[in-house]
Amino acid sequence: MVKEAKARIQKGKIVSFVPTGEYYFTKGIKAYHRRDFVKAKKYLSRAIQLEPGEPMITCQLAIVSTELGEFEHSNRLLHQILEELDPEMAECHYFLANNYAHMGFFKDAYHHSKLYLQLDPDGDFSDDTEELLEVLTLEAEEFEDELYEQDDLIIKQEQARELLESGYFPKAIELLKDVVKEYPEYWSAYNNLALAYFYLGKVEKAEAILEDVLDRNPGNLHALCNKLVFAHYQGQSEKVAELLQVLKKIQPLLSEHQFKLGATFALVGEYEQAYLWLKKLYKHGFDGDGPFYYWLAYSAFYTGFENFAKSIWKKVLELTPDKEGSEPWNLEKTAVNGFEDLTESIFQKLESDYVEERLFALFLTTVSSKKEEIIGSKRLFQNHKFTNLEKEYLSLIRLGKPSKTGDAQEVAELFYENHQPIGTVESGLYLLWFSVYAEASKAGVDLKNKHAWAAAVEYLWHKLRSEKVSQQEMAERYGLSAATIGKYVKLANNYLQ
């Protein structure tokens, strides 16, 4: 079982307490040594009431809570010590590692074991920590097949996340549907599937997935965070306020959940809450990726820590070079930055397995500040996925050679007048159009009435996102009659089946 911090106690490193606090602390220690953990908890809880900021009492209560099997309560106390009372109390990492191992969270157990040995390599618990790491390794070998499945799951989840961040929504959906079919209770995949549908414009389907997750796994943090993101993007201020109230009360223990909460707060502009969680993770050595440092930099900047934000931004560029130009302090550039100015994202879309994404990437090239760099690249001409449709489009871009793809370009340009820069939400509109275009082109349909096609597709996009818009409203925007837009809505809808 877990050892208590005997060495520190015996070496007299405990800060002196007022007599009543010391009295109850001593009684708690005696009860602990008699293995009367219920009484030990009672006395130590009383000692904390009298000495609320004393880390040694809090640590001893955490140890007793572990003995009683109250692992979550113990973890809360240990995190409190590291985050508020004594960040240098390294043995807390050892106790956390034991708790997480008991709870089955082996990744967190491994993380805290390594942290303890890093912070106090010759400490009182170094031998025990080495033994714990050996046990974790042996268990990993014993359950090799199970861990292989978990690794496979993690790889697929990471692939899906990269697809989402790059705007590859159809491909992300395809991958995530396979994951949830194979792992029906892997909630993270459901949440990412909901995001993919949302960004593709299928809001009702996305929200239905989140509701299903919350029905089957009540209180799922990722689902609650995604509900907030959806409400934010749809301008549902009352729902945003309601969900913020709920999320601000949540105190997650797992680093993954803390990151999700912090990033979500940053995304919706709640920078103080975001900075609270993300800086806490940073201080405790969280091994973050590009998005982690991106949101940490943004939340730091908007809460007044500009120098820290600038130092973190160096890490952002190291991990994700295409973020150059989107610094939070460079507001002018940030305001116009979208997929159209992210060269690597455009190339990834050009190499997609989906024709609508390849066509979308070609349009992005036409409005990109990096247009000449892209069309002059060897990578573009070595692309073996282009069909005749994309080759015609490329000739139009490079040489101005007339072709039917000019219809696709002109409709997309109509969208660009009102929907730019092109972020993840706006991408759904363009992808919807290029999906319709690819199918209509196969069928040899006349696409000359550009305003009618644009109005119809934009109307369908708003409807898919559950946004209130009438055909009459879209007809007026594009200078059409109600009868014309009605006709083209039906036509466009036929090519989305």
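Predicted model: local features only at pLDDT ≥ 70, side-chain atom pairs only at ≥ 80, totals over all residues.
Local features need pLDDT of at least 70 and side-chain atom pairs count only at pLDDT 80 or more, while totals for chains, interfaces and linings use all residues. Residues are numbered from 1 along each chain as its sequence is written, and side-chain values use heavy atoms, with hydrogens and water left out.

Visitor: How many salt bridges does the structure hold?

Guide: A salt bridge is a side-chain nitrogen of Lys or Arg within 4 Å of a carboxyl oxygen of Asp or Glu. The structure's count of these is 13.

Visitor: Which residue meets Lys 41 in a salt bridge?

Guide: Lys 41 lies in helix H3 and its partner in the loop between helix H4 (55–67) and helix H5 (71–85), so the pair ties together parts that are 29 residues apart in sequence. Helices (H or I, at least four residues) are DSSP runs, numbered from the N terminus. The N to O distance is 3.0 Å, and the partner is Glu 70.

Visitor: Is Lys 450 buried or exposed?

Guide: Buried means under 20% relative accessible area, exposed over 50%, and partly exposed in between (1.4 Å probe, protein chains only). Lys 450 meets Glu 410 in a salt bridge at 3.9 Å, N to O. Because its relative accessibility is 15%, Lys 450 counts as buried.

Visitor: Which residues are linked with Lys 450 in a network of salt bridges?

Guide: Lys 450 lies in helix H27 (residues 450–464) and one partner in helix H25 (residues 405–416), so this pair ties together parts that are 40 residues apart in sequence. The residues linked with Lys 450 in the network are Asp 407 and Glu 410.

Key
Helix = DSSP H or I, 4+ residues; strand = E, 2+ residues; numbered from the N terminus.
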